[in-house]
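Trainee: Hi! I'm new to this one, could you walk me through it?

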Amino acid sequence: MTTHTRPLGKTGPRVSALGLGCMGMSALYGSADRGEAIATIHAALDAGVTLLDTGDFYGMGHNELLIGEALRTAPAGLREQALTSVKFGTLRDPDGGWGPIDGRPAAVRNFAAYSLQRLGVDHIDVYRISRADPDVPIEETVGAIAELVEKGHVRHIGLSEGGADAIRRAAATVPITDLQIEYSLISRAVEDQILPATRELGISITAYGVLSRGLISGHFTADRELSADDFRAHSPRFQGGNLRHNLGLVDALREIAARKGVTVAQIAIAWVLSRGEDIVPLAGARTRERLTESLGALDVTLDADDLAAVERAVPPGAAAGARYPEQQMAHLGTEE
């Protein structure tokens, strides 16, 4: 069992230094095996992983039900150590389509009620809107979560995506534990304005996309065929010349990994871990095999020479293509 832990902001608990992002077990990356997904969650808990991340819109509730089943069937000791991080606010429709963000206080309470039921828990440890609602002041949304904290339904308030101004406004209203945002070797815009703001405010980062949806995992190949329901089939970084360029960056990382006797994925995760004790990477593992590989990154030490080599191999801004399709980028609210 790993003993690596990190503080989740100045107002939150200590959590495992690597969390488990469960989205891919239900949506956006093609089909997944339910039994293997639950076994992976159990294996993560057994290895000392405490933070399980989901969203109520992942598979339109499927992911929360999956985690609920995994927690219900886990040994009591493991179940008790699990901390749930839940995003809400993104609307869906029966055809699987995506709607706008709803951050109204009444909607916050409604979303929370359904999440608690699906997860089978009496409280959510970290609750956050997936993106700020442009029609509702962020102060109103986080204020509604604060009311849930007062009633015991939520323990801590988080944010997801958003720019430095929104982060400051939210933190001036209620205690914010952490910001969830994409951060990886090829997605580093957070370093410009967002990371300085969170560090000033004592807010930690839970970093998703640390392997850039598998792009820098060392396992993705140029000839891989993606199903229509796989997000990557429409992601700019996985298209044509962009993909070939980005896989060239992976080849450069592969040389560094080979010299250290580790995998490309472990180098990429270890790099995120090296950025500070206030950053908790989320491993998007869907299988026990990938989980084991990700956990191995906790034992990888990158010295000054290693970090310099990684910077030369993948300097800031080296990736080709945006991290989301153009129409989605406009809704993120970040400085990227």
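Mentor: Met60 sits in the loop between S4 and H2. Those labels are DSSP runs numbered from the N terminus, with helices (H or I) of at least four residues and strands (E) of at least two. Keep in mind that this is a predicted model, where local features need pLDDT of at least 70, side-chain atom pairs count only at pLDDT 80 or more, and totals for chains, interfaces and linings use all residues. Residues are numbered from 1 along each chain as its sequence is written, and side-chain values use heavy atoms, with hydrogens and water left out.

Trainee: Okay, so what is the phi of Met60?
Mentor: Its phi is positive, about 50°, although Met60 is not a glycine. Met60 has 44% relative accessibility, so it counts as partly exposed. On that scale, buried means under 20% relative accessible area, exposed means over 50%, and partly exposed is in between (1.4 Å probe, protein chains only).

Trainee: And what about phi of Ser212?
Mentor: Ser212 has a positive phi near 50°, and it is a residue other than glycine. Its place is the loop between strand S11 (204-208) and helix H8 (240-260). Ser212 counts as buried because its relative accessibility is 3%.

Trainee: Switching topic: how many aromatic pairs are there in the whole structure?
Mentor: A search turns up six. Rings of Phe, Tyr and Trp (its six-membered ring) pair if their centres lie within 6.5 Å; planes under 30 degrees apart are stacked, over 60 edge-to-face, and the rest tilted. One of the pairs is Phe57 with Trp98: the ring centres are 6.2 Å apart and the planes at 70°, so this pair is edge-to-face.

Trainee: Where do Phe57 and Trp98 lie?
Mentor: Phe57 is in the loop between strand S4 (51-55) and helix H2 (62-73), and Trp98 is in strand S7 (residues 98-101), so the pair ties together parts that are 41 residues apart in sequence. Phe57 counts as buried, at 7% relative accessibility, while Trp98 counts as partly exposed at 47%.

Trainee: Now the strands. Is S5 mostly covered or open?
Mentor: Mostly covered: six of the six residues in strand S5 (residues 83-88) are buried. Leu83, Ser85 and Lys87 point one way, whereas Thr84, Val86 and Phe88 point the other way. In a regular strand, side chains alternate between the two faces of the sheet.

Trainee: Which strands pair with S5?
Mentor: S4 pairs with S5 in the parallel sense over five bridges, and four bridges join S5 to strand S8 (residues 124-129), also running parallel. Two strands pair if DSSP finds at least two bridges between them. Asp53 stands opposite Ser85 in S5, and Lys87 stands opposite Arg128 in S8.

Trainee: One more: where is Gly77?
Mentor: Gly77 is in helix H3 (residues 76-81). With a relative accessible area of 48%, Gly77 is partly exposed. Its C-alpha atom is separated by 16 Å from that of Gly120, which is 43 residues apart from Gly77 along the chain.

Trainee: Thanks, I'll go and find these in the viewer!
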